[in-house]
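Thanks, everyone. I'll take a few minutes on one model, starting with the sheet and ending with the charged pairs.

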Amino acid sequence: MATMADVARSAGVSVATVSHVLNGTRPVLPHTRQAVLDAVEELGYTTNTLARSLVTARTRSIGLAVSAISNPYFTEILQGVEAAALEAGYSLLIADPHDDPEHERKVVRLLHERRVDGLIVAPSAEPRGLLAYLGRHDVPAVFLDRLVDGPGTDGGPRFDQVCADNAEPMSRLVTHLAGLGHRRIGLVAGRPGLSTTSERISGYRSGLAFAGLAYDGRLLVHGASESAGAEQATEALLSLGVPPTALVTGNNAMTIGVLRALRAHGLSVPDDIALCCFDDFAWADLFSPRLTAIAQPGRDIGARAVHVLLERLAEPDRPARTVRLPCAFVHRTSCGCPSPSEEGTPS
């Protein structure tokens, strides 16, 4: 079995340099790093992870707790996390909290007991137990997609957080519909208690205000961030004495439910009712009409969360921060516009 010394001889470098390349403990020149990796591949060298973890108290593993992994948006996030973790030499342990606070605490505890170096978590709508556990055990953690209230002692966030911009892109959808002449614009919002839901509602209301439209609480319904809930919520909007002429959905799963409800009522998009969506997805361009949407940078969010976590592990005492990434407005035809450019422009 090849040893680290064998790798060093083959690459023409010191054992210390091999260690730095494999463990990421110090920057190494690109050509030197490649020579080491080529030698590792040629000799079939594998590191003794268990022995290393006993010495360093690190396992070079990251725990990821994300609900609805089947959702295309979270699948993109997972791909970003996995790629960035692998690039940094970390393995990934994945668990689904099912958006349930009790299950969330359980899976986070189990990941922590597997001695992961840190956690990346998309918190539930009731994260008090999660926060208590992470704080009590001093677990390095980054919150993903959804922010958590409760500032630290310095007034900033208690934990590092990475998410997309939510309010301004939602406002842009509303003002776009208002610009097309719509005066009754409904919102199918997500699960109450999630920061993504509250921020998108805020964007919806600011978009109405910017367009000079009064807010009507009857036009805002909650679809529980899922297809079935959105279908029921849309039924409520369509049953109003004066139903909306345009709809905005709070995520991609709810878009499917909204479309089901509209079809059940025999309504055509955009001829009978215009539709814009928060969350783009791979087949949005295959619908007829093609869906005008806000595209979130899922892979970039996942990758950035890994980088922020690694920075936290390297500097445990630095102040926590919140990183927001911009979305893109993808202009198609479900809003009622005639064949616009499909290019996404930063929002």
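How many bridges join strand 1 to strand 3? Four, between residues 61-65 and residues 118-121, and the two strands run parallel.

Some ground rules. This is a predicted model, where local features need pLDDT of at least 70, side-chain atom pairs count only at pLDDT 80 or more, and totals for chains, interfaces and linings use all residues. Residues are numbered from 1 along each chain as its sequence is written, and side-chain values use heavy atoms, without hydrogens or water. Helices (H or I, at least four residues) and strands (E, at least two) are DSSP runs, numbered from the N terminus. Strands pair if DSSP finds at least two bridges between them.

Six strands, open, order 2-1-3-4-5-11, with parallel pairing. Strand 2 (91-95) and strand 11 (322-325) are the edges; each has a single partner strand, so one side of each lacks a neighbour in the sheet. The twist averages 20° from one strand to the next.

Helices lie across it. Helix 12 (residues 298-314) lies across strands 1, 3, 4, 5 and 11, at about 165° to strand 5. Angles run from 0 to 180 degrees between N-to-C directions, with axes fitted to C-alpha atoms, for helices over the stretch in contact. Contact means heavy atoms within 4.5 Å.

Next, charged pairs. The structure holds 13 salt bridges, each a side-chain nitrogen of Lys or Arg within 4 Å of a carboxyl oxygen of Asp or Glu. In helix 6, Glu 102 and Arg 105 are three residues apart, about one helical turn. Their closest N and O atoms are 2.2 Å apart. Also in helix 6, Arg 109 and Glu 113 are four residues apart and meet at 3.2 Å, N to O.

Which residue does Glu 199 meet in a salt bridge? Arg 324, at 2.6 Å, N to O. This pair links helix 9 (residues 195-210) to strand 11, 125 residues apart. Glu 199 is buried, with a relative accessible area of 17%, whereas Arg 324 is partly exposed at 37%. Buried means under 20%, exposed over 50%, partly exposed in between, with a 1.4 Å probe and protein chains only.

Last item: a network of salt bridges links Asp 160, Glu 311, Arg 312, Arg 318 and Arg 321.
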